[in-house]
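Reader: Could you take me through this model? I would like to begin with the overall arrangement and then turn to the side chains.

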Amino acid sequence: DHIYPLLRSQASRRKIIVINIDAHADTRTDEEPHSGTPFRQFAREFRGDFRLYQVGLHPFANSFSTLTPLAKGHSQILWRQDLRDESKVTQFFMQIKKEVDKNTLVIFSLDADAMSGDIVPGVSAVNGDGLSLNELNLLWSKYR
């Protein structure tokens, strides 16, 4: 619930890239804003270049509505099963790196429900096939 206000506070930027580690895309097409709509809502409002890179999503946890392309901005997914192939992870982050310039704000966002349920059992949607701490560290190192 904190990502939308954070993005709004940076709305004067020319270019924003979000790397969102999550099990759910948070790009639902619902008209009323809520925790499942922040990225689509921000993309619609932002006047600059918005790029959303979603990492760790589960196909079964995302609907057709959620996966509908953004009307404005760019969105790309690195699915949960793709994280098992380090070359795919490397290629994904290399693509992001090519898009970063001096005017780009990069936000690394981690939703706890992307993590394995045994690490964060208190989330609203416990993830039976979530990321391990080693996988999260790999993603962080690729980002860094």
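This is a predicted model: local features need pLDDT of at least 70, side-chain atom pairs count only at pLDDT 80 or more; totals for chains, interfaces and linings use all residues.

Reader: Understood. In what order do the strands of the open sheet run?

Author: The order is E3-E2-E1-E4, a sheet of four strands with parallel pairing. From one strand to the next, the twist averages 15°.

Reader: Which strands stand at the edges?

Author: Strand E3 (74-79) and strand E4 (104-110) do. Each has a single partner strand, so one side of each lacks a neighbour in the sheet.

Reader: And how many bridges join E1 and E2?

Author: E1 and E2 pair over seven bridges, in the parallel sense. As one instance, Ile21 has Val55 in E2 as its bridge partner.

Reader: Which strands does helix H2 touch?

Author: Helix H2, residues 38-45, packs on the sheet and touches E1 and E2. The direction of H2 makes about 165° with that of E2.

Reader: What about H5, which strands does that helix touch?

Author: H5 also packs on the sheet, where it touches E1, E2 and E4. The angle between the directions of H5 and E4 is about 175°.

Reader: Back to H2. How many of its eight residues are buried?

Author: Six of the eight are buried, so H2 is mostly covered by the cut-off of under 20% relative accessible area. The buried residues are Pro38, Phe39, Arg40, Gln41, Phe42 and Ala43. They pack against helix H1 (3-9), E1, E2 and helix H3 (64-67).

Reader: What does Val55 touch?

Author: Leaving aside residues up to four places away in sequence, Val55 touches Ile19, Asn20, Ile21, Asp22, Leu78, Leu83, Phe92 and Leu139.

Reader: You mentioned H4 and H5. At what angle do their axes cross?

Author: They cross at roughly 35°, and the axes come within 9 Å. The crossing is right-handed. In the contact, Glu86, Val89, Thr90 and Phe93 of H4 meet Leu138, Leu139, Lys142 and Tyr143 of H5.

Reader: Turning to the aromatic rings, how many pairs are there?

Author: The count comes to seven aromatic pairs. One of them joins Tyr53 and Phe92, which are edge-to-face at 5.5 Å centre to centre, with 85° between the planes. The pair links distant parts of the chain, since Tyr53 is in strand E2 and Phe92 is in helix H4, 39 residues apart.

Reader: Are those two residues buried or exposed?

Author: Both Tyr53 and Phe92 are buried. A further pair is formed by Trp140 and Tyr143, tilted at 5.1 Å centre to centre with 45° between the planes. Trp140 and Tyr143 both lie in helix H5, three residues apart, or about one turn of the helix.

Reader: Why do Trp140 and Tyr143 count as partly exposed?

Author: The class runs between 20% and 50% relative accessible area. Trp140 belongs there because its value is 38%, and Tyr143 does so because its value is 27%.

Reader: Which residues form an aromatic cluster?

Author: Phe42, Phe46 and Phe50 form one aromatic cluster. Phe42 is also among the buried residues of H2.

Key
Residues are numbered from 1 along each chain as its sequence is written. Side-chain values use heavy atoms; hydrogens and water are left out. Contact means heavy atoms within 4.5 Å. Rings of Phe, Tyr and Trp (its six-membered ring) pair if their centres lie within 6.5 Å; planes under 30 degrees apart count as stacked, over 60 as edge-to-face and the rest as tilted. Helices (H or I, at least four residues) and strands (E, at least two) are DSSP runs, numbered from the N terminus. Buried means under 20% relative accessible area, exposed over 50%, partly exposed in between (1.4 Å probe, protein chains only). Two strands pair if DSSP finds at least two bridges between them. Axes are lines fitted to C-alpha atoms, for helices over the stretch in contact, and angles run from 0 to 180 degrees between N-to-C directions. A crossing is left-handed if the near helix is turned anticlockwise from the far one by less than a right angle, and right-handed if clockwise.
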